[in-house]
Amino acid sequence: QVPRNHEQAMMLDKQNGNTLWREAELRELGQIDEYETFKDVGVGVHPKGYKKIRVHMVYDVKPTLVRKARLVADGQLTDTPIDSVYSSVVSLRGLKICLFIAELNQLEAWSTDVGNAYLEAYTQEKLYIVAGPEFHDRCGHTLIISRALYGLKSSGLRWWERFSEILLEMGFIPSKAEDDIWMRDKGSHYEYIARYVDDLAIISKNPQDIINDFTEKYKLKLKESGPI
């Protein structure tokens, strides 16, 4: 059974005689803290110029039966941004063309997934929460949101901008046909990176070099990297 909130998750753990859902929450909060997503300003503090919102846990079970918890902001409580928060993704046609180019030019095609991608970027929204019981010893503390937390209206765009900065630093330029297909001239051939939010297709003679740059230079946490 998949819980709908923290209280139900703790009840299921008690009924099942284990702590699997609590462990899933702690793993998620550990990753949240690793990115310094929140700034703890103490108890009873109401930061001037910041709006109070809520967060909640979303739960799921993976096919391996591993429990999964994700902390999500209640973005519907935030003001509608004046500026556009649209962030594009590669088209299916664009991805097929990249794979065709790989086959045509005898390049390797790899895929990878950026873990906790949104948290790689900072939010521009001025928001805070009062921590609930899922935060354990921080329950009741005022936490200012500093990272682009999942659920916020602008988080998709903030990640899109952050990853664009990384690609530009690496010498890639966006295709004139599609903003989410990036190209780099290697002399004898071009390398390509097609992105769909945090999922990447990498076309290169040596995709591992690009993977290494992402992980070692930019400290991105990649998952399931390998040939398509």
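Lys-219 is found in the loop that runs between helix H5 and strand E12 (222–227); helices (H or I, at least four residues) and strands (E, at least two) are DSSP runs, numbered from the N terminus. This is a predicted model, in which local features need pLDDT of at least 70 and side-chain atom pairs count only at pLDDT 80 or more, while totals for chains, interfaces and linings use all residues. Residues are numbered from 1 along each chain as its sequence is written, and side-chain values use heavy atoms, with hydrogens and water left out.

Although Lys-219 is not a glycine, its phi is positive, at about 60 degrees. The residue counts as exposed because its relative accessibility is 56%; buried means under 20% relative accessible area, exposed over 50%, and partly exposed in between (1.4 Å probe, protein chains only). Helix H5 also holds Asn-212, which is partly exposed because its relative accessible area is 25%.

Since its relative accessibility is 31%, Val-197 counts as partly exposed. Together with Val-89 and Tyr-196, Val-197 forms a nonpolar surface patch with about 230 Å² of accessible area. Patches are made of residues with over 30% relative accessible area and no salt bridge, where like charges are joined within 9 Å and nonpolar side chains (Val, Leu, Ile, Met, Phe, Trp, Tyr) within 5 Å. The accessible areas come from the Shrake-Rupley method with a 1.4 Å probe, and for residues only the protein chains shown count as cover.

Attention now turns to helix H4. This helix comprises 15 residues (155–169) and reaches 21 Å from its first C-alpha to its last, close to the 21 Å expected at 1.5 Å a residue; the expected span is 1.5 Å times one less than the number of residues. Among the buried residues of H4 are Ser-155, Leu-157, Trp-159, Phe-163 and Leu-167. The elements that cover the buried residues of H4 include strand E5 (108–114), strand E9 (181–185), E10, E11 and helix H5 (207–217), where contact means heavy atoms within 4.5 Å. After H4 comes Gly-171, whose phi is positive, near 95 degrees.

Gly-171 is also one of the residues touched by Arg-184, along with Met-170, Phe-172, His-189, Tyr-190, Glu-191 and Ile-210, when residues up to four places away in sequence are not counted. Arg-184 lies in strand E9 and counts as buried because its relative accessibility is 14%. Its side chain makes a polar contact of 2.8 Å with the side chain of Glu-191. A polar contact is a pair of N or O atoms within 3.5 Å; within protein, one must be able to donate a hydrogen and the other to accept it, and residues adjacent in sequence count only if both atoms are side-chain atoms. Arg-184 and Glu-191 also form a salt bridge, with the closest N and O atoms 2.8 Å apart, and both residues are buried.

A search of the whole structure finds nine salt bridges, a salt bridge being a side-chain nitrogen of Lys or Arg within 4 Å of a carboxyl oxygen of Asp or Glu. Side chains of opposite charge can pair when their charged atoms come close. One of these bridges joins Asp-113 and Lys-223, whose closest N and O atoms are 3.6 Å apart. This pair links distant parts of the chain, with Asp-113 in strand E5 and Lys-223 in strand E12, 110 residues apart. Asp-113 is buried because its relative accessible area is 15%, whereas Lys-223 counts as partly exposed because its relative accessibility is 42%.

An α-helix has 3.6 residues a turn, so residues three or four places apart point the same way. Glu-25 counts as buried because its relative accessibility is 0%. Its side chain also makes a polar contact of 2.9 Å with the side chain of His-6. Leaving aside neighbours within four places in sequence, Glu-25 is in contact with residues including His-6, Met-57, Tyr-59 and Glu-134.
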